[in-house]
Amino acid sequence: MKKFSLHPCGNYRESYAQELSIFETNFGRICLCLFLLILFFVAPFIVSPYTLYILNIIGIAAIAAVGLNILIGYTGQISLGHGAFFGVGAYAAAILATRLDVSFLIAIPAAGIITAGVGMIFGLPSGRLKGLYLTIATLAGQFIIEYVLIQWEGLTKGTMGITLPVPKIMQWNISGDKAFFFLIFISLVLMTWFAVNIMRSKFGRAFIAIRDNDRAAEGMGIPIFKYKLLSFGISSFYAGFAGALWAYYMVSITTEPFNLGLSVEFIAMVIIGGMGNIPGAIFGATFITLLNELLRYLTVFLMNIDFIISWGLNIAPLKEFVFGLAIVLFILFEPRGLAELWRIIRSSFRLWPFSY
Amino acid sequence: MDFFLQLLVNGVCVGLLYGISAMGFVMIFKSSSVLNFAHGELLALGAFFFLALITWAKLPILVAFILTLIGCFMLGFLIERFFLRPLIGEKLIFVIMLTVGLAAMFKGLILLIWGGNLYTYPSFLNESMALNMGAIYIAPVYTATLIISMIFLIIFGLFFKKSAQGIYMRSVADNQKAALSLGVHVRRVFALSWAIAALVASMSGIVLGIMNGVNVHDLSSIGLKVFPVVILGGLDSIGGAIVGGIIIGLLETFTGGYLSPSLRDVVPYIVLVFILLIKPYGLFGLVEIERV
């Protein structure tokens with residue numbers, strides 16, 4: 001029963017195929033198409049360069065968040081090391097591009113694959129550990145990778161950082177926000193499409209079974225270690241891919257941003273967006289990135305007020321406080337995140353205008 | 001040989017500090033199975049309360065110390081009441097991320113009020129407390145640490161063995177449902193364990209502050225170093241926390257002394273991964289048995 005409403009009025013499913021369908025109504029499909037058309041053919045030509053920059057950052061964060069959502073939201077394995085995996089991707093791309101002169105079309109996926117390998121190595125403890133013990137193991141992974149990135153100076157140039165060449169397709173240089181906008185958002189759409197569909201396959205069902213009860217899943221014949229590793233691999237691939245895009249976009253990279261704070265930010269995106277919900281991860285990435293920008297703007301604004309200067313207050317840490325507060329409030333009041341809010345909004349429209 | 005002995009002594013002293021920092025952490029985990037990522041910030045809060053009381057309010061040391069302990073006791077109570085209690089029975093990741101969010105809030109708050117500078121307490125420890133054994137010198141702070149941690153270990157040992165509340169706490173840790181059905185007020189036990197943990201954390205924060213100066217970033221990074229310590233000792237063993245702390249402390253000082261100073265901060269985490277792979281429940285931890 002594909003109707004032209006924002007949200008179906010009830011459960012009209014008659015077969016398993018309908019249960020698996022991505023769009024509940026044709027309206028949703030049309031809306032998405034329109035949204036994508038506007039995103040690709042209108043948005044980049046009318047918005048200011050600064051907005052375009054924000055959009056690009058959101059796109060990169062969204063790729064990483066979608067990947068992390070596969071691991072946390074669908075497989076139920078918590079990783080505190082995704083900030084470091086993001087860094088591994090960035091460095092892998094940078095090293096491939098500067099040392100081996102690899103074209104960026106190969107370097108970015110290759111960076112993703114390298115990161116997937118690293119992620120699977122740090123996912124190995126998941127064979128024996130689960131829950132908080134695994135969380136602590138990935139926390140250790142975060143610190144170990146950070147150390148390696150800083151100390152392996154022969155490869156990563158340590159704290160000096162690496163400058164990447166301008167990416168090229170044939171003769172066309174990809175530089176500037178607009179060119180990167182297309183690169184990042186085409187990647188995001190493809191990666192999201194892949195993530196949504198992998199969740200409808202045998203692999204996705206295995207992941208969800210492991211999340212809900214790993215012992216029971218094992219009893220039903222799912223090789224849980226294999227699937228846990230696979231989940232680590234896929235989500236690290238996303239993180240590495242996003243990291244590689246970020247490295248090309250930022251042109252020069254240092255080890256500094258890839259710390260525990262970044263890992264926490266990624267998890268916050270997944271939680272605030274909604275766990276176990278792929279569009280949710282994109283909402284979460286948008287929310288956190290916008291929050292960061294807003295807070296930065298606010299900090300600069302407040303620092304120029306004479307009254308606060310005369311008080312000698314340092315406003316910069318306000319950012320950290322509000323970030324923590326946002327996480328806490330979402331967990332306490334809407335643990336299913338923005339995706340749930342969006343669902344509530346849609347379903348309140350379902351009998352509109354006669355909703356009684 | 002002297003170098004070795006000095007490293008050994010330093011390692012044990014640093015380790016004891018880690019051990020007492022970890023005690024509050026273990027206490028929370030033991031009764032409510034919450035992995036507290038805000039532990040470092042609790043340490044810092046205690047240290048800064050104390051700082052404010054002795055430098056701004058100019059109270060005598062002992063009064064300030066007792067007021068800090070009372071303040072942190074109440075703070076722990078409030079944290080449990082307003083943030084952790086709604087999450088009883090929720091998924092692990094929410095509980096973990098809640099403490100991460102709390103950590104960010106506390107850190108932001110401390111940075112707003114005090115900034116990221118390094119403060120020092122006015123020195124009040126007597127130099128006569130220093131121990132000199134041949135070439136080895138033990139600073140008075142370390143002696144004080146040793147004494148304080150011993151006193152607290154004994155107090156907590158007695159508290160858990162003898163007092164009614166301590167026995168309630170152990171029973172809740174052992175089996176929450178059974179304790180509930182036998183009439184233990186589980187929520188009060190949770191609140192009390194957070195309060196006591198915050199108290200212990202503030203005390204260790206003060207000791208750390210006396211030793212290294214008071215700085216938010218240092219103290220909150222110690223909160224993360226608690227993880228290798230407690231995993232090594234077993235997440236639910238208070239004695240194990242001390243032993244784990246000493247082992248990690250020794251490991252750090254020896255790596256720093258003989259291998260390379262930069263490796264010093266990572267070595268606990270490398271060891272942590274290996275322990276988790278070989279003996280996931282630590283040296284003294286209880287093996288969880290799980291039924292479907």
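**A close look at one helix**

A: Let us start with helix 4 of chain B, which is mostly covered: 18 of its 23 residues are buried. Please keep in mind as we go that this is a predicted model.

Helix 4 of chain B runs over residues 92-114. What follows the helix? The next residue is B:Gly115, and its phi is positive, near 75°.

A:Gly324 is found in helix 15 of chain A. Leaving aside its neighbours within four places in sequence, A:Gly324 is in contact with B:Gly101, B:Leu102, B:Ala103, B:Ala104, B:Met105 and B:Gly108. Is A:Gly324 buried or exposed? A:Gly324 counts as buried because 25 other C-beta atoms lie within 10 Å, and the cut-off for that class is 20 or more. For a sense of distance inside chain A, A:Gly324 and A:Asn69 are 255 residues apart along the chain, and their C-alpha atoms are separated by 20 Å.

Those contacts belong to a wider meeting of the two chains. In total, 37 residues of chain A are in contact with 35 residues of chain B. On the chain A side, at least two residues each come from helix 6 (131-151), helix 10 (214-219), helix 12 (260-273) and helix 15 (318-333). Helix 6 of chain A gives the largest share, 12 residues. Sorted by class, the side of chain A that touches chain B has 27 nonpolar, seven polar and three charged residues.

Helix 15 of chain A also has a partner within its own chain. Two packed helices are described by the angle between their axes and the distance between the axes. For helix 13 (residues 278-303) and helix 15 of chain A, the axes come within 10 Å and cross at roughly 145°. The crossing of helix 13 of chain A past helix 15 of chain A is right-handed. From helix 13 of chain A, the residues that take part are A:Leu291, A:Leu295, A:Arg296 and A:Thr299, and they meet A:Leu318, A:Lys319, A:Val322, A:Phe323 and A:Ala326 in helix 15 of chain A. By class, the residues of this contact divide into six nonpolar, one polar and two charged.

Stepping back, how many helices and strands does chain A have? Chain A has 16 helices and four strands. The C-alpha trace of chain A spans about 60 × 55 × 50 Å along its principal axes. A compact globule of 356 residues would have a radius of gyration near 21 Å, and chain A has 21 Å, so the two agree. Of the 356 residues in chain A, 44% are buried. Among contacts in chain A with a separation of 6 or more, 75% are between residues 24 or more positions apart.

A:Ile253 lies in strand 4 of chain A, and A:Ile253 is buried because it has 24 C-beta neighbours inside 10 Å. Not counting residues up to four places away in sequence, A:Ile253 touches A:Ala90, A:Ala94, A:Gly161, A:Ile162 and A:Ala247. A:Asn197 is 56 residues from A:Ile253 in sequence, with 33 Å between their C-alpha atoms.

In the loop between helix 11 (224-250) and strand 4 (252-253) of chain A sits A:Val251. Its phi is near 70°, a positive value in a residue other than glycine. A:Val251 counts as partly exposed because it has 13 C-beta neighbours inside 10 Å. A:Asp101 also has a positive phi, about 55°, although it is not a glycine. A:Asp101 is placed in the loop between helix 4 (82-99) and helix 5 (104-123) of chain A, and A:Asp101 is exposed, with 9 other C-beta atoms within 10 Å.

Finally, back in chain B, helix 5 covers residues 140-162, and its 23 residues should span 33 Å at 1.5 Å a residue; its end C-alpha atoms are 33 Å apart, which agrees. The buried residues of helix 5 of chain B are B:Tyr142, B:Thr145 and B:Ser149.

Technical notes: Residues are numbered from 1 along each chain as its sequence is written. Chains are lettered from A and ligands numbered from 1 in the order in which they are written. This is a predicted model: local features need pLDDT of at least 70, side-chain atom pairs count only at pLDDT 80 or more; totals for chains, interfaces and linings use all residues. A residue is buried if 20 or more other C-beta atoms lie within 10 Å of its own, exposed if 12 or fewer, and partly exposed in between; C-beta atoms are placed from the backbone. The expected span of a helix is 1.5 Å times one less than its number of residues. The radius of gyration is taken over C-alpha atoms; the globule rule is 2.2 Å times the number of residues to the power 0.38. Two residues are in contact if their C-beta atoms, placed from the backbone, lie within 7 Å. Ala, Val, Leu, Ile, Met, Phe, Trp, Tyr, Cys and Pro count as nonpolar, Asp, Glu, Lys and Arg as charged, and the others, Gly among them, as polar. Axes are lines fitted to C-alpha atoms, for helices over the stretch in contact, and angles run from 0 to 180 degrees between N-to-C directions. A crossing is left-handed if the near helix is turned anticlockwise from the far one by less than a right angle, and right-handed if clockwise.
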